[in-house]
Amino acid sequence: MNILVPVVSIIFSLLVMGIILLIFFQRSGMSWGQAFSETLSAYGEMFSWPFGNVYGIYQTLLKMVPLAFVGLGLSFAYRMKIWNIGGEGQLYMGAFAATWGALFLFNGIENKFLMITLILLMGAAFGALWAAIPAFMKAFAKTDEIVVTLMLNYVAIFWVDYLVYGPWKDPKGYNFPLTAEYPESAKLPTMFNGEVHVGIIMVIVLAVILQYVYSRTSWGFNSAIAGDNQKAAKYAGINIGFYTIVALLVSGAIGGMGGAVQMMGIQHRLQHGFSPGYGYTAIIIAWLAKLNPLAILLVSFLFGGLLVGNEQLQMFYRLPLALIYIFQGLVLFSLMGGEAIFNYRIRFVKERAVEE
Amino acid sequence: MNIDSSIITTTLQATIRAGTPLLFTVLGDIFTERSGVMNLGLEGLMLVGAISGFAVSYSTGNLFLAVIAAMIAGALLGAVHAFFTVTLRINQVVSGLAITMLGTGISGLWGKGYIGVVAAQFKTLEIPFLSKIPFIGSVLFSHDILVYISYLLVPLMWFYIYKTKPGMILRAVGESPAAADARGINVFMVRYFYTMLGGAITALGGAYLSLAYTSMWIENMTAGRGWIGIALVLFATWDPAKAMFGAYLFGGVTALGLRMQAAGTTISSHILMMFPYILTVAVLFFTSTEKIKLKVGAPAALGVPYSREEKT
Amino acid sequence: MKGPEGPFAYWFNIPHLISLRKGDTVDVDRRNVLEMRHISKHFAGVKANDDIDIELKKGEVLALLGENGAGKTTLMNILFGIYKADNGEIVINGKSIHISSPHDALKHGVGMVQQHFTLVPSFTTAENIVLGLKELGFIPKTKNVESRIEELGNRYGLPVNPRAKVWTLSVGEKQRIEILKLLYTGAKILILDEPTAVLTPQEAESLFEAVRKMVADGASVIFISHKLDEVMEVSDRVTVLRSGKVVGTVNTAEVTKNDLARMMVGRDVILDIQKPEVEIGKKILEIENLKVKNDKGLLSVNNLNLEVKAGEVLGIAGVAGNGQRELAEAIYGLRKVEVGKILLHGKDITGTSVSHRIKEGIAYIPEDRKGTATCPNLPVSTNLFLKNTITRLADSTHFFIDRKKIVEKAAELINSYSIMTPSPKTPVKFLSGGNIQKVVLARELSTTPSLIIASHPTRGLDIGAMEFVYRTLLEQKRKGAAILLLAGELYEIFRLSDRVAVIYEGEIVGYAPPDPAYIEEIGLMMGGSKKAGELH
């Protein structure tokens, strides 16, 4: 029953977006009939490639990795109703830290296992650091984390821009805003003939670990309490300040790891705009999946596919990449609206049932 | 000497121009938040205002119509937010984010055909006599008409909110919707109205960017101003006068940054661009105490959907 | 005048609080200014109002009497337009009326002063009273209004300052504003919902005076209460509700309190719980010179001293708002102590964390059990083991929990405390108030605490649940726990306590034995007019 609303939301949003595309095509000069068939074929392209074609699926998996990492990270905080909107910034900071390690700090280390571990730690550390700012503000001054994490996203993006346009710009890079390439030891091993990197395995393992933490540990138990009723948590002796800080730090750390994995897995260098808003898409993924780690994997796969499809649409139908934002907005609205209507019906139905 | 003062003058002028879109955005959001509705969708609203204003300006050549169009678009998007938060009572944070995404997406799609194109632009309108005052004249009174409208809007809103009956109703709905409801005030309608009105004014801020600040459409041209606007509303504690101060402060930081860059400072433009955001974070930290909120008459019901039947 | 004999009837004979309305001429030809016919309303399967008929005559004070949960507030909420009845009709002055909102009700001259005030904190008194009224121009000039308000207030004995900002005012003043709001708009039917819950005995008297003046001026008042003394003093007639139904309507002059009590409860007020003879042991709780601030930053506990010994129940009597909640929270660790010491088993626990105090054996049953002590969306089993990481009752360790064990142990508790729930996994918000209280009790008491802080433990419960709570607490007393009981109802304090302390403005101003002969002393101390030491 819980799955109904998310599924309907996605279907509904696809329909509405279809209508919007229809109008767009018609206004760009086609007849309604042409626009209709154009829309259908665009949808066909959007789904058949990322989910139907082997190479498309590989691309989907690649996109799934950062989405799932940040989604898992965000949900760690969301469970406690701490609204970390800073996934994007934590991703960028993780990527920055990974680059710092790979190109400078740990330059020269040949052992792949060691290098990768170190870089992962760097990513986690700096993601956590970035989240520490709103964490301490919240714990000590009760500052609302929503706007702070949002602002920090921009700071992180500009920081990376500064580096890749400035001191870290690759002298052999034809003046493009990117750094030099990572050494071999800092690249993740690959599977499927080099098409997909092991980041996908890492994120799956992470999801399983988190699922265990949520269901079997006292952290999972107590954070659920803190998320449901903070007063009751204090009353139960749970140290809210401590839990808040840890939740945000871990949330940021996971996001930062995602950035590091993205660097080591596919990007192999730090560059401007390497994330087309993964951090924001991850918010929607976390919500759709109702913060459940395994569901997050599934939904990340779906959205990864949609992003790949979106790129196809841009290539072949000259649609702007911003299209996916419309879809995401629609999904959020229909998800929330669906929940509201659903809860209303549940209350109504329950009343009836008890009366009888 | 003359060269120095002209640099200050132009920087201050740039401050006003950079602060104006922020000012409209914040003023609009003040209306919305004072009625008890939190709106994080300012970025989307501004973008929608920018593209609809630009599109209409391009097709009709009529700037006045363009402004109206932008405001209508903002009101419509605001109505969507109101529907989800006031009628369906869903989480206002989520709705605001969804508005931003929708606004960004729709403006991106619609704006595809307008990239690289130039349309009409609001020209500078020197106010007779006042603009001749040395220094102040050029800083304050040599702008386009939208800037002057923003000047007027501040005292108008201030008076409206604090000194009129509808302003009283607005404040009551935001601070204690139960009290307003008991007096026959339709809390839902009030919230819808001010969310739409706020949306319209915020959209005007976006339209300023594509109709006056520049005369083009660039995808994502708001570049985060909407987010700064959200922080500014808190910073201004929902007061129009403080909003003006805050908007120009942030405008100043931006203008200063550009100036310094133009003057060839070694500080990278990217570092400079960070400053408004860092400043916002600092401001948020220092104004987040409960005491300040109580003193100021914060819309206590902000973010909480209203339901008459909620048993306490 | 002497009342009936019997075990618990004694507190109904309080000379100074009984004032029969001698000399009142009864106007036989009083029309019914309001009738509610066949009103029914149900919530989630519970029939809050079951085919209720009531009548209000012009110029009378009708008391609506019943225990918590009898349906009084629901019925009045329907009249005031907050709820919609499932069935029935409302007739005002002979005309059948449809009331769809509080505003609608006001238009028909019906106004209600609720237990939670609806005032805008940053507005002045005058602004609150005239908010939304048509007479206000576009630019409101409150000056003319202010003098009218002052005059109105003086006329009815409800003095207010029209220019004061509401957030600075006391609860009593706020209540007066709420009443004036109604009178100002010409309400002729006024509903007062448990108005004395937040007033001192003296303030309550002023309120009754005001009610008499309003009625003399042509208003009709419905007075909701569960306190027999008030009902006897202020009303002309009483309609008694029990479990959502009308038990009967009587003329106040023709009945005794025992009659009313019987109607209210359904049987003679026997409730004969024997207090167990328990040997009082060592000091468990000692509080020395305690000062605690409330949420507004003011000192609400001010130089408080008390001690409770093992096997002893110390009842704290006092009007709500004199520091009880802050005291309870400070002892439990939820609130900072400014000055002073709290000792448990002789050890100083001031400044220690909540988790430490839980380990040391302090249990807390807070007043606001839904808001503070339970997680509404989480299952009953989780709520029963909320403190599990500390108490380790369900075989867990510091880092890991065994959910299966928790559900098992929860089932045991559900059984032994007779908690009505479809399953241990049901979210606790679906339980009724009484069962939620049982969940809190079960959790707190299953740890065999040394100190129990019980704050209004039976608020909102029906008789059966109340008896259960009393029995359970006394069981703990027998096991040697020290119990600090904070309650507003004196009869509850008398039933359970070995000693009674009176709190006023954050201090213990006196002690008394739990003997009704001392009610007047206690009442005076509660009102602040007498500070005494031990009375024997």
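In this predicted model, the largest nonpolar core holds 386 residues. The residues with the most contacts inside this core are Ile119(A), Met151(A), Ala260(A), Leu232(B), Leu79(C), Leu485(C) and Val502(C). In soluble globular proteins, nonpolar side chains tend to be buried together. The surroundings of Val502(C) can be listed in detail. Leaving aside residues up to four places away in sequence, Val502(C) touches Ala317(C), Gly318(C), Ile508(C), Val509(C), Gly510(C), Ile522(C), Met525(C) and Met526(C).

Leu79(C), another of the core residues with the most contacts, belongs to helix α1 of chain C, which covers residues 72-79. This helix is mostly covered, with eight of its eight residues buried. The buried residues of α1(C) are Lys72(C), Thr73(C), Thr74(C), Leu75(C), Met76(C), Asn77(C), Ile78(C) and Leu79(C). Just after α1(C), Gly81(C) adopts a positive phi of about 85°.

Chain C also contains an open sheet of four strands, in the order β12-β11-β14-β15, with antiparallel pairing. The edges of the sheet are formed by β12 (299-309) and β15 (347-348) of chain C; each has a single partner strand, so one side of each is left without a neighbour in the sheet. Strands of a sheet pair through backbone hydrogen bonds, either parallel or antiparallel. Between strand β11 (residues 283-293) and strand β14 (residues 337-344) of chain C, the antiparallel pairing extends over six bridges. Within β14(C), Val339(C) is the bridge partner of Lys291(C).

Chain A contains 13 helices and two strands. Its C-alpha trace spans about 75 × 65 × 35 Å along the principal axes. For 356 residues, a compact globule would have a radius of gyration near 21 Å, and the 22 Å of chain A agrees with this. Of the 356 residues in chain A, 58% are buried. Among contacts in chain A between residues at least 6 apart in sequence, 77% join residues at least 24 apart.

The contact between chains A and B takes 36 residues from chain B and 33 residues from chain A. On the side of chain B that touches chain A, the elements giving two or more residues are α4 (92-111), α10 (225-235) and α12 (269-286) of chain B. The largest share of this side, twelve residues, comes from α4(B). By type, the residues on this side of chain B divide into 22 nonpolar, eleven polar and three charged. Leu232(B), one of the core residues with the most contacts, lies within the residue range of α10 (225-235) of chain B.

The confidence of the prediction was also examined. The model scores ipTM 0.82 and pTM 0.78. Chain B averages a pLDDT of 84, and 88% of its residues score at least 70. Within chain B, confidence is highest in helix α9 (residues 187-213), at 95, and lowest in helix α13 (residues 290-296), at a mean of 52. For chain C the average pLDDT is 81, with 86% of the residues scoring at least 70. In residues 267-272 of chain C the pLDDT is below 50, and this stretch has ten contacts in the model beyond near neighbours in sequence. Residues 532-536 of chain C also have a pLDDT below 50, and this stretch has ten contacts beyond near neighbours in sequence.

Notes
Residues numbered from 1 in each chain as written. Chains lettered and ligands numbered in written order. Predicted model: local features only at pLDDT ≥ 70, side-chain atom pairs only at ≥ 80, totals over all residues. Buried ≥ 20, exposed ≤ 12 C-beta atoms within 10 Å, placed from the backbone. Contact = placed C-beta atoms within 7 Å. Nonpolar A, V, L, I, M, F, W, Y, C, P; charged D, E, K, R; others polar. pLDDT = per-residue confidence, 0-100. Core = buried A, V, L, I, M, F, W, Y, C linked by C-beta atoms within 7 Å. Rg over C-alpha atoms; globule rule 2.2 N^0.38 Å. Pairing = 2+ DSSP bridges.
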